[in-house]
Each structure stands twice: as structure tokens, then as C-alpha cells.
Amino acid sequence: MGGPTFPRFLENLRDRHQFALKDEAARAALAEILAPEPDLVPSHRVVVETRGEGLVFQRLAIDFPVTGEAEAFFLRPAGAGPFPAVLLLHDHGSRFDVGKEKVIFPADRPEDAPRDWFDRFYGGRAIGDWLARQGYAVLAIDALGWGGRSVGEYENQQALAANIMQFGLSWAGIIAAEDNWSANLLAGLPTVDSERIGAMGLSMGALRCWQLAAVSPRIEIFASICWMTRMQALMVDGNNQLRGQSAYAMLHPQLAGRIDYPEIAALAAPKPAVFISGREDRLFPPAGIEAAFETLGAAWNRAGASKAITTLLRPGGHAFTLEDQALVIKKFDAALKPRTC
């Protein structure tokens, strides 16, 4: 197998992982690392507003602590609302010049739309626009290192991660904190119903999604597509998680070896949740996915919410397919839209 090699001397450390951080201790550690200043609402301003086809598109500038200004798209149905809302978390994809544009069509600059991305990973849809046409307000923000916050390719990203570590922080921790603050911002927008907010993401966006759901009371339901496994399943020759580079955007050194990925996500129970993975996804071995899904199912069962979680290991690869989207929107509508007699 090509790609990075897992050093043989680390095998013993990998196999000795105890993942001893549990229950309330785990919840407290996660809150400290993933959700510092949990009630913070970053300030924002509208840069551009465009209306058409029953939708209102806004390009926002958001002022985050530490990192400063970030670009975001906010898309909603026309009208006063308040609307149910989705925080849409973009993927990694080894493409860094776009972030929010991967999930919401840039109505003010159509030439910037990565149409090939919609085709490759989202069934030909700008998925945020599709959600808005289903009646949702949708917010997508550039994660640090993507879109308007890109620092360039892999070498520069690894340098960014190393520089952040000099201050006792991590790149992944900053992304997680900003996702939490973004959920707070979304809840406070006047056209959004703060009691009806979900999160959704593909690939790195999926990881961001379940770790956010574990710490944010704002998130009522979430859908995580193509990023769930056990940690040890990724610590094998050829896996991208061994590369360094922008893998640091998904690695929390304060948690490594103390709590496994599905155990982080399990702290979101009993919230309604959808986890979908592809059996032919080359990034995530099926055995690791199946083991993680077993852990998740047990956690929701302990919480008395076994019917609230959907875990699906389907045929196919690393994408948010139209079939996936049909399943997810059904779950979101049930959780976030008022029932009528």
C-alpha cells in the first residue's frame, strides 16, 4: 500500500490505547477543548445580499476570537421566518481554495462555484441551496485553512499547525471552537428558530458535525456522512491520518489515546443522529466503521433512544449521495419541522 508508513515501534502504543476518559470526565474534557467560551456569539456583518428564486443569499464577515475575520454564506427562504436551520460543515477534499463554496452556491459570484465538486461529492447538488429550497436557513463558514482563510497547500498547513501548537492550542481545536461559536451565531439570527437547529457534514465536515453535536446544546439533530471509525483502524500503513500536513485539522493531541472517536460522538446521545459510511470508502476500513457503529448503537440504547440513531454502511464510496440526502432530509424534517394535523 502506498502512502505514509506507520512506524513499527508505535504499534505497541496503538494496541495499548485504553481510552480511559469516560462519562462526565469525558464530557468535561471535551467541553474544555472543543467548546471554550461556550456561550460566545461572534459579531458579524453582511457584506453582500442577493435575492432570487425565492431565496435570500448573504455573504457574511464573521469576527472570531484569536483568528479574526472569516467569510461565510447564509442562505434562507424568502420571508420573515423563523425557519429551522442547518449549520452545514464543509469537507476537506484536498482542495483548499474553496470551503463554504463546496456546499452553498455563491449567488453573488457564480463563477466561483465549484460545480465539479457538487458533481463528485454531492450528487450534482449545491446541497445548501437544496436545503434552503426545502425550507431551511443554512449557514456555511470557511474553516481555518479553507476558502478565504486558506494558507496554501500541505506544507504551509503543517507549518500553521506547528505554529498554533507553540501557544498550547491546536488547529483542530480552533476549528471545533469556531464551529461551536458558529452554532451560537446561527441561533441568534432573527430569521432562525433557535430551538430547531441541526448540523450536517461530509468527510471532515462529518467529524466536525459529531464533535459539535457532542458539546453544543444548540444542535438538536445531526447527520455525519463518511467520517466515523475507531482510532486504531486509521493507524495503519497508507492512511491519510498519518500524513501530518492537514491531518492536523482533525487531530486533538489533548484527547488522543484518552477517548476514541465513536465515544466522543456518543456524548451527543440521545439526540437524533444519522451516521452513513460507504463500504468502498478507501479512507475508512469497513471493520473500523462497523466497530464504531456498534459503540454508537450501544450508547444510544443506554440513553433510552435506540430509535433516534441511524447507522448505515451502504455500498459505494466517499460521497454524500442523493440516496443519503433523501434519508437525511426525512430525519431532519421529522425532528425540526412542526407536525400538522
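Analyst: Helices (H or I, at least four residues) and strands (E, at least two) are DSSP runs, numbered from the N terminus. In this predicted model, local features need pLDDT of at least 70 and side-chain atom pairs count only at pLDDT 80 or more, while totals for chains, interfaces and linings use all residues. Residues are numbered from 1 along each chain as its sequence is written, and side-chain values use heavy atoms, with hydrogens and water left out.

User: Where is the place of isoleucine 259?

Analyst: Isoleucine 259 lies in the loop that joins α8 (231-234) and α9 (261-266).

User: Is isoleucine 259 buried or exposed?

Analyst: Buried means under 20% relative accessible area, exposed over 50%, and partly exposed in between (1.4 Å probe, protein chains only). Isoleucine 259 has 2% relative accessibility and therefore counts as buried.

User: Which residues does isoleucine 259 touch?

Analyst: Contact means heavy atoms within 4.5 Å. Once residues up to four places away in sequence are set aside, isoleucine 259 touches Phe19, Leu21, Ala26, Met231 and Ile264. A separation can also be read between C-alpha atoms: those of isoleucine 259 and leucine 313 are 23 Å apart, and the two residues are 54 residues apart along the chain.

User: How many residues does the largest nonpolar core have?

Analyst: A nonpolar core is a set of buried Ala, Val, Leu, Ile, Met, Phe, Trp, Tyr and Cys residues joined through side-chain atoms within 4.5 Å. The largest one in this model has 80 residues, and those with the most contacts inside it are Trp210, Phe222, Phe275 and Trp300. The greatest contribution to this core comes from helix α6 (residues 171-188), which gives 10 residues. There is also a second, separate core of 31 residues, which includes Leu88, Val103, Ile221 and Ala223.

User: What does phenylalanine 222 touch, not counting residues up to four places away in sequence?

Analyst: The contacts of phenylalanine 222 include the aromatic residues Trp210, Phe275, Trp300 and Phe332.

User: Why does arginine 196 count as buried?

Analyst: Arginine 196 counts as buried because its relative accessibility is 17%. The residue belongs to strand β6 (residues 192-202).

User: What does the side chain of arginine 196 reach?

Analyst: A polar contact is a pair of N or O atoms within 3.5 Å; within protein, one must be able to donate a hydrogen and the other to accept it, and residues adjacent in sequence count only if both atoms are side-chain atoms. The side chain of arginine 196 reaches the backbone oxygen of proline 82 at 3.4 Å. It also makes a polar contact of 2.7 Å with the side chain of aspartate 193. Neighbours within four places in sequence aside, arginine 196 is in contact with Pro82, Phe83, Pro84, Ala85, Leu336, Lys337 and Pro338.

User: In which strand is arginine 314 found?

Analyst: Arginine 314 is part of strand β9 (residues 309-314). With 8% relative accessibility, arginine 314 therefore counts as buried.

User: Which backbone oxygen does the side chain of arginine 314 reach?

Analyst: The side chain of arginine 314 reaches the backbone oxygen of alanine 319, at 2.7 Å.
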